[in-house]
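Subject: Handover of a structure and the findings in it

Dear colleague,

Please find below the structure that I am handing over to you, with its sequence. My findings follow directly after it, and I would ask you to read them with the structure open.

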Amino acid sequence: MIEAGTIEDRRQLGFGGRLLVHDLEAEALYYDLRAPLDVAKHLDVNDHRRDFILKTVYQAISVVDFRPGNPRRFADSLAAASAVAARIYEAADTEIAPHITVTGHTHIDVAWLWRIRETRQKMARSMATALHLMAEYPEYHFMYNQGLLLDYLEEDYPILFEGIRQQQQAGNFEIEGALWLEPDANITSGESLVRHVLRGVRYHLEKFGVRPRVLWLPDTFGYSAAIPQIMKLAGLSVFVTHKMSWSDTNRMPNEVFFWQGIDGTQAPTYFLTTQPADSTSIGTTYCPDLKASHVMGTWRRYAQKETNDELFLVYGFGDGGGGPTREMLEHIRRMERGIPGCPRVSQGFMGPALDRIVKRMHETPGDYPVWVGELYLEFHRGTFTSVAKVKRNNRRAEAMLRELEMLASLAWFSADVDYPAAELAALWDIALLNQFHDILPGSSIGLVYDDSDNDYAGFFGRAEALRRSLATHLAGEGEALIVNPFAQAVAGLVEVCSDKPLSLAGRGSQAVISADGTRSQIVPVEPVPGLGAAQIEIGTAAEQAVGFGGLSVASDSLENEYLRAGFDACGRLVVLIDKETGRECLSGVANRLQAFRDLPEQFDAWDIDRTFEDQVFEIDGLVSVEIAETGPYRAALRFEWTYETSRIVQVVSLAAGSRVLEFDTFIDWHEKNTLVKAAFPLAMRTTQSDAEIQFGHVSRPTHANTSWDQARFESPMHRWASLAEPGFGVAFLNDCKYGYDARDTTLRLTLLRSPTYPWPEADQGNTGSAMGSCRIAVSKVLLFRWRLKHSTIP
């Protein structure tokens, strides 16, 4: 059966067919000669092995009788030619050859240029092919890793799934790779990465009795420095990728090394080095159409030949699945027999091959270097920002899952409520699925994001119902439950999604407005313990809202007892004074909205090129400014700009007693191939920025001294990034942004991109709910909080 799928509404191709005779003897001779011929092509012209192979191939071809009309005569000549060709495989190599273990594999993107429903068929076709080849080639070894797609296969094609189990038990099919699926590793939170490991390991144990030891992430767009400690705590022995070879500026100096994370943990790391032997680039692959050229290229590309002579590679068509073919297996059979000039090849499994390499690393650790910090991919920098709504949904989902698990634990402990394990597991499955490394980065087609939107709509509906159900066990009638999912006690303003005045614990509310026009109420609350909750009496008849004093607002300024912020005629921030020290925090115009022409050379949704700053346009067409809130708890200004055919609204607010300046942003965007940033030049002395990552933070240079510094012109962050000097600093807190850059003492938040491939409508229209907020908070450490749409529900 032939299946064809397309993402377009026009005819893509047609099919035709004809019957041919499959001559096994002719095919065998073809590969007997083709495989060594590939080796000879890539040997030096003065290498005697090249001359020997070419001469023998010519002699064998000369024996074949190609005259038609006599099949027996043709078959006899094939047998005679095969005897000539056998001299190649009988010859001893005159040099010591390295050893390369090869494993069949297919990389299947859970979604990309196709929807998940098509991926399920890709998985079925790929596994059917693998099982069919195992029947024809008993020596064939194949590895697969993603538990999610194996789970789909069991649902859709149980007979195929059972065939995999039988081949796994027979020793031909390897289950390895600890992750549930292959997620993005920059944006995904630390807790989510842990859940990918837990879900994947549990699945492989339950279904196959296998405890994976490899963190297999060949195609993800850079790797967080938190990964080594996650590996150690999860009992994983080695990290494997190839993607770092795609960097556009610098080549990683080593392929086998210890990777040291932010807590000092060191994880053995292996980079695949497979590439054609005549490649002139540093790029490698994890899905080659395997021939001798790739085996020779694997060894040539490897930089540490003096320490290790055993390498590993996977082969087989990938991205859209498919896997190895008969042609690849026929080439491997010839290389296993031995071809002078080609590394020794044996079929085997990934796990044991890597175990041998890791064992040598631990035996002689001094022979292997240590790489400290993140594995920053100098490529695909746009994936921190593309398709803002999926980033927003991811952040909300991760935060809600933490809150739900904490609530469920409180309800179990305090009210003897059964822990909703099944409901939470189902919600986690939705979150993990949408963290796949072409969904969360924003590099898929529009139909994928239609599916993602539906997933998240279901997620938030079910999560809200569960949250309310759990809260009823912890708060009585007429009470609001204020939940603090963080480790430290927190006090401040609670935002209530209501357009009517109310009171909490006897304090009246203040009406506030968001940039998208949503109206709600805010009320101050006393500190709530870390990982705890407080029951607070709620009233509908609002008491008088009483503030704390010191709060003032004018059309060009906001001020409280700690901060004074001033704005120019274009609505930009031009003054930000820490009143305790009298220090001006800015060195120029801040909250400076800038649009950049964004037309990367290669991969539209993936890349931001270094040349993006060649054309920059100021977004300074202020349409209106108005005083939106006057207190008593918070004062705010509402700014509105237009840019070309787009509209940007910000509500900039300052709460009484707070060191936080908040920017709530709504954007109705209609431009394409445009990148938008908000720039904040700061008056301080520093040469590095800090940014949150999973379970910690990393420091990055803000200068461009080296090619490595120059290539890091866009970086990932999680909830904050900061610039600081001893005793003073500025931090930018956000609720859904992941990309930023910092040069000298200017930090720029990347708000949105609008690529046109592979989704022409990416980031178009009302992106307000995906813009959220940023907060800039000021004290001895100053913080800006960008609020790109956030609410707290009592």
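Threonine 665 counts as buried, because its relative accessibility is 2% and the cut-off for that word is under 20%. This residue belongs to strand S28, which covers residues 660-669. The side chain of threonine 665 is in polar contact, at 3.4 Å, with the side chain of glutamine 650. Please bear in mind throughout that this is a predicted model.

How many of the residues of S8 are buried? Six of the six are, so the strand is largely enclosed by the rest of the structure. In a regular strand, side chains alternate between the two faces of the sheet. In S8, Glu310, Phe312 and Val314 are buried on one side, while Leu311, Leu313 and Tyr315 are buried on the other, so that both faces are covered. Strand S1 (residues 99-104) runs parallel to S8 and is joined to it by six bridges. Within this pairing, isoleucine 100 stands opposite leucine 311 of S8.

Helix H11

Helix H11 comprises the 14 residues 350-363. At 1.5 Å a residue it should span 20 Å, and this agrees with the 20 Å between its end C-alpha atoms. The buried residues of H11 are Met350, Gly351, Ala353, Leu354, Ile357, Val358 and Met361. They cover an arc of only 160 degrees around the axis, which puts them on the same side of the helix. Lys359 and Glu363, on the other side of H11, are exposed.

Salt bridges

Side chains of opposite charge can pair when their charged atoms come close. How many salt bridges does a search of the whole structure find? The search finds 56.

One of them connects the two elements described above. The side chains of glutamate 310 and arginine 356 meet in a salt bridge, with 2.7 Å from N to O. This pair links distant parts of the chain, since glutamate 310 is in strand S8 (residues 310-315) and arginine 356 is in helix H11, 46 residues apart. Glutamate 310 counts as buried at 6% relative accessibility, whereas arginine 356 is partly exposed, with a relative accessible area of 36%.

Another salt bridge is formed by the side chains of aspartate 248 and arginine 381, at 2.9 Å from N to O. Aspartate 248 lies in the loop between strand S5 (238-241) and strand S6 (256-260), and arginine 381 in the loop between strand S10 (370-372) and helix H12 (388-415), so the pair ties together parts that are 133 residues apart in sequence.

An open sheet

Five strands form an open sheet with antiparallel pairing, in the order S18-S19-S20-S21-S22. Strand S18 (552-554) and strand S22 (583-584) stand at the edges with a single partner strand each, so one side of each has no neighbour in the sheet. Three bridges pair S18 with strand S19 (residues 557-559) in the antiparallel sense, and alanine 554 stands opposite serine 557 of S19.

Aromatic pairs

The count of aromatic pairs comes to 29. In one of them, the ring centres of tryptophan 180 and tyrosine 203 are 5.5 Å apart and the planes are at 70 degrees, so the pair is edge-to-face. Both tryptophan 180 and tyrosine 203 are buried. The rings of phenylalanine 567 and phenylalanine 639 have their centres 5.2 Å apart and their planes at 45 degrees, so that pair is tilted. It links distant parts of the chain, with phenylalanine 567 in strand S20 (residues 563-567) and phenylalanine 639 in strand S26 (residues 634-643), 72 residues apart. Phenylalanine 567 and phenylalanine 639 are both buried. Finally, Trp112, Trp114, Trp246, Phe379, Phe603, Trp606 and Tyr757 form one aromatic cluster.

Yours sincerely,
A colleague

Note on methods:
Residues are numbered from 1 along each chain as its sequence is written. This is a predicted model: local features need pLDDT of at least 70, side-chain atom pairs count only at pLDDT 80 or more; totals for chains, interfaces and linings use all residues. Side-chain values use heavy atoms; hydrogens and water are left out. Helices (H or I, at least four residues) and strands (E, at least two) are DSSP runs, numbered from the N terminus. The expected span of a helix is 1.5 Å times one less than its number of residues. Buried means under 20% relative accessible area, exposed over 50%, partly exposed in between (1.4 Å probe, protein chains only). The arc is that of the directions from the helix axis to the C-beta atoms. A salt bridge is a side-chain nitrogen of Lys or Arg within 4 Å of a carboxyl oxygen of Asp or Glu. A polar contact is a pair of N or O atoms within 3.5 Å; within protein, one must be able to donate a hydrogen and the other to accept it, and residues adjacent in sequence count only if both atoms are side-chain atoms. Two strands pair if DSSP finds at least two bridges between them. Rings of Phe, Tyr and Trp (its six-membered ring) pair if their centres lie within 6.5 Å; planes under 30 degrees apart count as stacked, over 60 as edge-to-face and the rest as tilted.
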